[in-house]
Amino acid sequence: AVIAIEKISFNTPWSRYLFMIELHENKRARYFVAKQKPGGKIVGYVGIWLILDEAHITNIAVHPKFRRKGIGEKLMLAAIDYSESQGIDSITLEVRVSNTIAQNLYKKLGFVSMGVRPGYYHDDGEDAVIMWRIGSDN
């Protein structure tokens, strides 16, 4: 289900192989899924890396049929809560400059723009906004 959501959500989706590496070999990676009730169908996911005293949101996606229902926010809160439970309160991510919907969600959750990574996205060369959330008081 995660692979299907990835493919429908991104122009250059991660491969099944990359997700398997994340789940089985990357000791820093943690993934959370959102399930539909009833039935338990996976409708979204978020991935984070815990690196020393920082967390990095690697990817997040919600199936298009389930967007605008607060699922992305709940997934982000799960990642934030988990990071904080591990003693990590500095969280970063990159987001496409054009993805203002996601940027607004991240701002709502206490993330602030801290710079731009020029040409970050390989599929079209779009820049990425670097966002950080520091501390649990945000």
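This is a predicted model: local features need pLDDT of at least 70, side-chain atom pairs count only at pLDDT 80 or more; totals for chains, interfaces and linings use all residues.

Colleague: In what sense do β4 and β6 pair?

Modeller: They run antiparallel, and the pairing covers seven bridges.

Colleague: And what order do the six strands of the sheet come in?

Modeller: The order is β1-β2-β3-β4-β6-β5, in an open sheet with mixed pairing. At the edges you'll find β1 (29-35) and β5 (112-117), each pairing on one side only.

Colleague: Which strands does helix α1 touch?

Modeller: Helix α1 (residues 2-9) packs on the sheet against β1, β2 and β3, and its direction is at about 90° to that of β2. α4 packs on the sheet too, touching β3, β4, β5 and β6, with about 165° between its direction and that of β4.

Colleague: New topic: which residues touch the most other members of the largest nonpolar core?

Modeller: Ile57, Met76, Leu93, Tyr106 and Phe111, out of 25 residues in that core. Helix α3 gives the most to it, five residues.

Colleague: What is leucine 93 in contact with, leaving aside neighbours within four places in sequence?

Modeller: Its contacts include Ile57, Met76, Tyr106 and Phe111, plus Val129 and Met131.

Colleague: Okay, serine 83: buried or exposed?

Modeller: Serine 83 is buried, because its relative accessible area is 0% and the cut-off for buried is under 20%. The residue sits in helix α3.

Colleague: What does the side chain of serine 83 reach?

Modeller: The backbone oxygen of alanine 79, at 2.8 Å. Leaving aside neighbours within four places in sequence, serine 83 also contacts Ile48, Leu50, Ala55, Ile88 and Ile91.

Definitions and conventions
Residues are numbered from 1 along each chain as its sequence is written. Side-chain values use heavy atoms; hydrogens and water are left out. A nonpolar core is a set of buried Ala, Val, Leu, Ile, Met, Phe, Trp, Tyr and Cys residues joined through side-chain atoms within 4.5 Å. Buried means under 20% relative accessible area, exposed over 50%, partly exposed in between (1.4 Å probe, protein chains only). Helices (H or I, at least four residues) and strands (E, at least two) are DSSP runs, numbered from the N terminus. Contact means heavy atoms within 4.5 Å. A polar contact is a pair of N or O atoms within 3.5 Å; within protein, one must be able to donate a hydrogen and the other to accept it, and residues adjacent in sequence count only if both atoms are side-chain atoms. Two strands pair if DSSP finds at least two bridges between them. Axes are lines fitted to C-alpha atoms, for helices over the stretch in contact, and angles run from 0 to 180 degrees between N-to-C directions.
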